[in-house]
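Thanks for coming. Please look at the screen.

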Amino acid sequence: MSMEQLTMLYDKSVEIINKKDRRFAPLPAMWRDKPTSYWNRIRANYSGFMIPYRKDFNGTEKSAINGNILGLFFNGSLHNKSKKPPTFSYFGNQRLIVNSSFIVNVHQNIYFVDFYCHNLRDHYVTLVVARPGSVVDRFCQRHLMQINVFNNPFLKIVNGKLYVTLGVNIEVFYTDIVDVNRVIQDRIGKFMPVTFRGKGSKEFGIPKNLACKVCNLW
C-alpha cells in the first residue's frame with residue numbers, strides 16, 4: 001500500500017469517527033485475551049516472556065505490516081455507552097490487563113496502519129507502537145503514517161492520561177517483548193477470567209470485508 005493510499009484509508013477512518021461518535025473516554029488499561037493453554041505455554045516454554053510474532057493477514061490485504069513486522073496485539077476498544085471493556089472475548093478465556101501507560105506512552109512512537117471491518121458494522125483501526133530507533137520503528141518510518149500521541153483521532157495522551165475514541169474499535173500492535181511475570185509482580189497488570197465466544201483466532205487472520213464501502217478504497 002502506497003503512502004497516498006494509506007492517507008486515504010486514514011481519512012476514511014476519521015470520517016466514520018466524525019459521523020458515528022467523536023467522543024473520547026479514559027483508557028486506564030489495555031488487555032490481551034488468550035486461552036488458558038496459551039498462558040500456560042508462555043510460563044512453561046518462555047519463562048513468562050511473551051515474544052512478538054509475525055503479523056498475520058487480518059485486515060487490509062495490502063497493509064505494509066502484514067508478514068513484515070513482529071508484535072503482540074492489545075485491545076483498547078470501549079463500549080460507547082458503558083465506556084468499559086467488553087465482558088466477553090473471541091480470542092480466549094483469560095484476559096491479561098495492563099496499565100495503558102505500559103503500552104502507549106511518550107517514550108514510544110505510534111503509527112496508523114489500517115482501517116477495516118469484517119461484518120460491515122464494527123470497524124477497527126490498527127495502530128503500531130514501536131520503540132524509537134528500533135528495527136520495527138525504522139520500517140514504520142518508511143511505510144506507515146506516524147501520528148502525534150498528544151493529538152490524533154484515535155488514542156491520545158491528555159494531562160498524563162490515555163484517552164481512546166468511542167467512534168471505532170482500537171487495536172494496538174505492540175512491538176516489544178512483554179515480561180508477564182514482571183507485569184504481575186510490579187502490579188502493572190493482572191489476570192482475570194472472561195467469557196469466551198466463537199472459535200478463537202484463525203491462523204492467518206481474516207481479510208477485511210471487500211463489500212464494505214466505508215473502509216475500502218476500491
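Let me start with a lining. The residues that line the largest cavity divide into three nonpolar, four polar and three charged. Here Ala, Val, Leu, Ile, Met, Phe, Trp, Tyr, Cys and Pro count as nonpolar, Asp, Glu, Lys and Arg as charged, and the others, Gly among them, as polar.

This is a predicted model, where local features need pLDDT of at least 70, side-chain atom pairs count only at pLDDT 80 or more, and totals for chains, interfaces and linings use all residues. Residues are numbered from 1 along each chain as its sequence is written, and side-chain values use heavy atoms, with hydrogens and water left out.

Now the terms. On a 1 Å grid over the protein atoms alone, a cavity is a set of points where a 1.4 Å probe fits but cannot get out; a pocket is an open set with protein on both sides within 12 Å along at least five of seven lines; and lining residues have an atom within 4 Å of a point. Points are joined across faces, edges and corners, and a volume is the space filled by probe spheres set on them.

How many cavities of 30 Å³ or more are there? The count is two. The largest holds about 50 Å³, and its lining includes Lys 55, Asp 114 and Glu 171.

The second largest cavity holds about 40 Å³. Its lining has five nonpolar, two polar and no charged residues, among them Met 1, Leu 6 and His 143.

The second largest pocket has a volume of about 160 Å³. Helix H3 (100-103) and strand S12 (161-165) each supply at least two residues of its lining. Helices (H or I, at least four residues) and strands (E, at least two) are DSSP runs, numbered from the N terminus.

Last, helix H1. Its 18 residues, 3-20, should span 26 Å at 1.5 Å a residue, and its end C-alpha atoms are 26 Å apart, which agrees. The expected span is 1.5 Å times one less than the number of residues.

Which residues of H1 are buried? They are Leu 6, Leu 9, Tyr 10, Ser 13, Val 14, Ile 16 and Ile 17. Seen down the axis, the buried residues fall within an arc of 160°, so they line one face of H1. That arc is taken from the directions from the helix axis to the C-beta atoms. On the other side of H1, Glu 4 and Lys 19 are exposed. Buried means under 20% relative accessible area, exposed over 50%, and partly exposed in between (1.4 Å probe, protein chains only).
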